[in-house]
Amino acid sequence: MAPTAPLTRDRVLAAGVDLADSGGLAALTMRRLGQSLGVEAMSLYHHVPNKDRLLDGMVDRVFAEIELPTPGAPWRTAMRDRAASARAALNRHPWAIPLMQSRTAPGPATLRHHDRVLGTLRAAGFSLELAAHAFSALDGYVYGFALQEASLPFDTSGQGPEGVTEIAESILAGLPSPDEYPHLAELTTWYVTNPGYAYGDEFGYGLDLILDGLERAAVHAAGLDDAGADRVR
């Protein structure tokens, strides 16, 4: 029999993430976590003092999966890439969505992530106030989109656009009368007749709207004319 790997904080956090990935936060108890590692629950407290610290560490692991903006990269490119990476991480770990900004003891990956995002915006000429607005708007959009994706009644990651079409057909069939809900009927009919539609494509569209607005706000705040606007691009 191969020797059991020693219990470490990293192993405890990794097992916690795996348990939450497979069953959600409701499945995450210290007893079940200990069972998954082959130890008594009391052994875990040598590495995480309580469940709150366990969740702090798990959230920090999710932040560590999100791509950090590259120093010197154009801010729009950096924010777009970071948003896409955050969405992908949250799709892998949907349990983390409501926890990402709620922890009172953020870990090093969380702090590094926030500092790099703010630093990228500040280096691009954003005022401190506008950088805070930008961070809030982008995170609100990313987390909200990821939450909506996780709640959709079809699999956006493995089944492609077919799930959207099936749901649209079901909604259309269940409408008492297209005349009673004309706009909903119009939209669902469009889904049915455009089977190539994928809900995930909406992410980039909405993200560009936010980035366009932030760019205009940065240019306006800096008092730049069109020729000088390249400073914040």
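Which residues of H7 are buried? Taking buried to mean under 20% relative accessible area, with exposed over 50% and partly exposed in between (1.4 Å probe, protein chains only), the buried residues in H7 are Leu 130, Ala 131, Ala 134, Phe 135, Leu 138, Asp 139, Tyr 141, Val 142, Tyr 143, Phe 145, Ala 146 and Glu 149. The model is a predicted one, in which local features need pLDDT of at least 70 and side-chain atom pairs count only at pLDDT 80 or more, while totals for chains, interfaces and linings use all residues. Residues are numbered from 1 along each chain as its sequence is written, and side-chain values use heavy atoms, with hydrogens and water left out.

On pLDDT, the predictor's confidence in each residue from 0 to 100, the chain has a mean of 88, and 89% of its residues reach 70 or more. Over residues 225-229, by contrast, the pLDDT is below 50, and this stretch has two contacts in the model beyond near neighbours in sequence, a contact being heavy atoms within 4.5 Å.

Helices and strands here are DSSP runs numbered from the N terminus (helices H or I, at least four residues; strands E, at least two). Helix H7 takes in residues 128-151, and its 24 residues, at 1.5 Å a residue, should span 34 Å, which agrees with the 34 Å between its end C-alpha atoms; the expected span is 1.5 Å times one less than the number of residues. The cover over the buried residues of H7 includes helix H4 (51-65), helix H5 (75-92), helix H6 (108-123) and helix H10 (202-222).

Helix H1 can be read in the same manner. Its 15 residues should span 21 Å at 1.5 Å a residue, and the end C-alpha atoms are 21 Å apart, in agreement. Within H1, the buried residues are Val 12, Leu 13, Ala 15, Gly 16, Val 17, Leu 19 and Ala 20, and what covers them includes helix H2 (30-37), helix H3 (41-44) and H4. Just after H1, Gly 24 takes a positive phi of about 80 degrees.

The structure also holds eleven salt bridges, each defined as a side-chain nitrogen of Lys or Arg within 4 Å of a carboxyl oxygen of Asp or Glu. One of them joins Arg 61 to Asp 10, with the closest N and O atoms 2.6 Å apart; this pair links distant parts of the chain, Arg 61 being in helix H4 and Asp 10 in helix H1 (residues 9-23), 51 residues apart. Arg 61 is partly exposed, with a relative accessible area of 29%.

A further salt bridge pairs Arg 103 with Asp 56, and both of these residues are buried. Arg 103 lies in the loop between H5 and H6, whereas Asp 56 is in helix H4, 47 residues apart. The side chains of the two are joined by a polar contact of 2.7 Å, a term for a pair of N or O atoms within 3.5 Å, where within protein one must be able to donate a hydrogen and the other to accept it, and residues adjacent in sequence count only if both atoms are side-chain atoms. The side chain of Arg 103 also reaches the backbone oxygen of Asp 52 at 3.3 Å.

Arg 80 forms a salt bridge with Asp 208, the closest N and O atoms being 2.3 Å apart. This pair connects helix H5, which holds Arg 80, with helix H10, which holds Asp 208, across 128 residues. Arg 80 is partly exposed at a relative accessible area of 31%, and Asp 208 counts as partly exposed at 28%. Salt bridges that share partners join Arg 76, Arg 80, Asp 208, Asp 212 and Glu 215 into one network.
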